[in-house]
Amino acid sequence: ALLPHADETNLLNTAYLNGAKVQSNLKVIGIYRTGAVKYSETGVRCTSDDTDIIQAASDCSRAYLNGSETEGSGDATVTASKVDATGSVPFRVWIPSQVTIRLADNDNVLSRVTGWKDRSNSCKDAFQRSSVTVEASFQYSSASVQQTVITPLVKDKLVSSNADARSEER
């Protein structure tokens, strides 16, 4: 018998938002007819039962999300097989269902401030300031969670219609 085990079986698919792979390491334990129990590393192959939800490294080193997935699920499965033995590990995969971008003062147009130059930005015209928060709701099947702040995950993807008006404060 094969008993695959994952470091983490509850995965939040943030790769869908920023392309950075999310992964969980896998180990496969083999239980042999002799009674021996040991990690199986050779000859074991892993597959995802649904690649629209989760991916699996064929060598069983990890299950992962790379952003190509289009669904979440409460019962996604990665199956390990070796000769005539199989085993599976279940995963819960959450996928973003709604993304909201919010400006701190709810003013989505930041105007140039007359007579004010930004010395920290090559003395270019200064603009009003606001902070941006990006939130997402994640779901699998029909279950969902409250909004989660994802700003650090997507801040490099935020763009302004006016490149002179956008700057980052650290």
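Q: What share of the contacts in the protein chain between residues at least 6 apart in sequence join residues at least 24 apart?
A: The share is 55%. A contact means heavy atoms within 4.5 Å. This is a predicted model: local features need pLDDT of at least 70, side-chain atom pairs count only at pLDDT 80 or more, and totals for chains, interfaces and linings use all residues. Residues are numbered from 1 along each chain as its sequence is written, and side-chain values use heavy atoms, with hydrogens and water left out.

Q: Why does C60 count as buried?
A: Its relative accessibility is 5%. Buried means under 20% relative accessible area, exposed over 50%, and partly exposed in between (1.4 Å probe, protein chains only). So C60 is buried.

Q: Where is C60 found?
A: C60 lies in the loop between β6 (55-56) and β7 (62-65). Strands are DSSP runs of E, at least two residues; helices are runs of H or I, at least four; both are numbered from the N terminus. C60 is not a glycine, yet has a positive phi of about 65°.

Q: Why is V83 called exposed?
A: V83 has a relative accessible area of 86%, so it is exposed. V83 sits in the loop between β8 (73-82) and β9 (85-103). Its phi is near 50°, a positive value in a residue other than glycine.

Q: How many helices and strands does the protein chain have?
A: The protein chain has two helices and 14 strands.

Q: What percentage of the 170 residues in the protein chain is buried?
A: Buried residues make up 34%.
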